[in-house]
Amino acid sequence: RSAGLKMFESDTRGDACVDDACGGGALWSDLPWAFFSHDDENARLWVHYGLIIAGFILAVITYLAQAFEPAPYGKHDNEKSSSKCRVPQRIAHVGADGVLGVIGFSLIYFLLGEHYDGAVNIVMYCLFELHYIHRGFIHPLITRYSDKTELLWIAVGAFLPNALYFFINSDWIGSAKYHHGYYYDPRFILGIIIFITGYVINRYSDLKLRSLRHSSDKDYHVPHGFLFNHIACPNYLGELIEWAGWAVMTWSLAGLVWWLFTCATFIPRSRHNLLWYREHFKDYPSKRKALIPFIY
């Protein structure tokens, strides 16, 4: 039987992953990992994959919910002066991205993980935290928001999905045992390269947007330069590239479903952002696309 089949059986039976069963470190094994190693954790295995199914469903719902109307935050928040229940944006972002993405993710990784000390697992953990230490703590503190508050339900709508997807991914990289030598597997190397490329695009684009607005300025401005000459939302594109790299690097359904959810969020929102710019700035470059240069 193939090494991939043996590894699948090691998931369902709970057998320990040894080099032979994990492909002996061979490149491009169908499944370069085993997930959980004890019979009494089969229930947790099925909980994990049950949550992944829920994540797929949530991604579809998210796309359908935002395909025609943008979520009312940022430039699409038409109720900024409303008396409806609102919360400080900085606190909301720190909670959804910082507390969950850094503290919560780390607790799951170290407390529930069986293989959190694996070299490959540690690299994945550090890359995830590279993103969320900035996104969850630095970004909210340095960003010049057009409004200091956001609707409460928007904050909750960010917190709950993040809790689901962060748990799934931390649970995965903390407990997946990758085969010997996966650190030179093309999927791992390519995934890191893609992730870092997206990270740089995302960070630079965010800083470019921040530079357009002075501390007392609440107006929106048309960005120019870098990928902004071709698309409206290079910050979204960068993050999509990041998580595509994550899905390739982890070679897991957990990574895939997280990338699909970011697609479900950013693909429709980038189109709404492009339409908003065209509506509010008559001289907005007509050839700019929403998310992918020259294509979409």
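Trainee: By about how many helical turns are Arg203 and Asp206 separated in helix H6?

Mentor: Let's start with the general idea: an α-helix has 3.6 residues a turn, so residues three or four places apart point the same way. Here, Arg203 and Asp206 are three residues apart in helix H6, so about one helical turn separates them. Helices here are DSSP runs of H or I with at least four residues, strands are runs of E with at least two, and both are numbered from the N terminus. This is a predicted model, in which local features need pLDDT of at least 70 and side-chain atom pairs count only at pLDDT 80 or more, while totals for chains, interfaces and linings use all residues. Residues are numbered from 1 along each chain as its sequence is written, and side-chain values use heavy atoms, with hydrogens and water left out.

Trainee: Which residue forms a salt bridge with Arg203?

Mentor: A salt bridge is a side-chain nitrogen of Lys or Arg within 4 Å of a carboxyl oxygen of Asp or Glu. Arg203 pairs with Asp206, and their closest N and O atoms are 3.6 Å apart. By this rule the model has seven salt bridges.

Trainee: Are Arg203 and Asp206 buried or exposed?

Mentor: Buried means under 20% relative accessible area, exposed over 50%, and partly exposed in between, using a 1.4 Å probe and protein chains only. Arg203 is buried at 9%, and Asp206 is buried at 10%.

Trainee: Which residues are linked with them in a network of salt bridges?

Mentor: The network links Arg135, Arg203, Asp206 and Glu239. Asp206 forms a salt bridge with Arg135, with closest N and O atoms 3.0 Å apart. That pair joins distant parts of the chain, helix H6 (residues 186-211) and helix H4, 71 residues apart. Glu239 also forms a salt bridge with Arg135, at 3.6 Å. Here the link runs from helix H7 (residues 234-250) to helix H4, across 104 residues. Both Glu239 and Arg135 are buried.

Trainee: At what angle do helix H3 and helix H4 pack?

Mentor: Axes are lines fitted to C-alpha atoms, for helices over the stretch in contact, and angles run from 0 to 180 degrees between N-to-C directions. H3 (residues 89-112) and H4 (residues 119-142) pack at about 160°, with axes 8 Å apart. Angles under 35 degrees count as roughly parallel, over 145 as roughly antiparallel, 65 to 115 as roughly perpendicular and the rest as oblique. H3 is therefore roughly antiparallel to H4.
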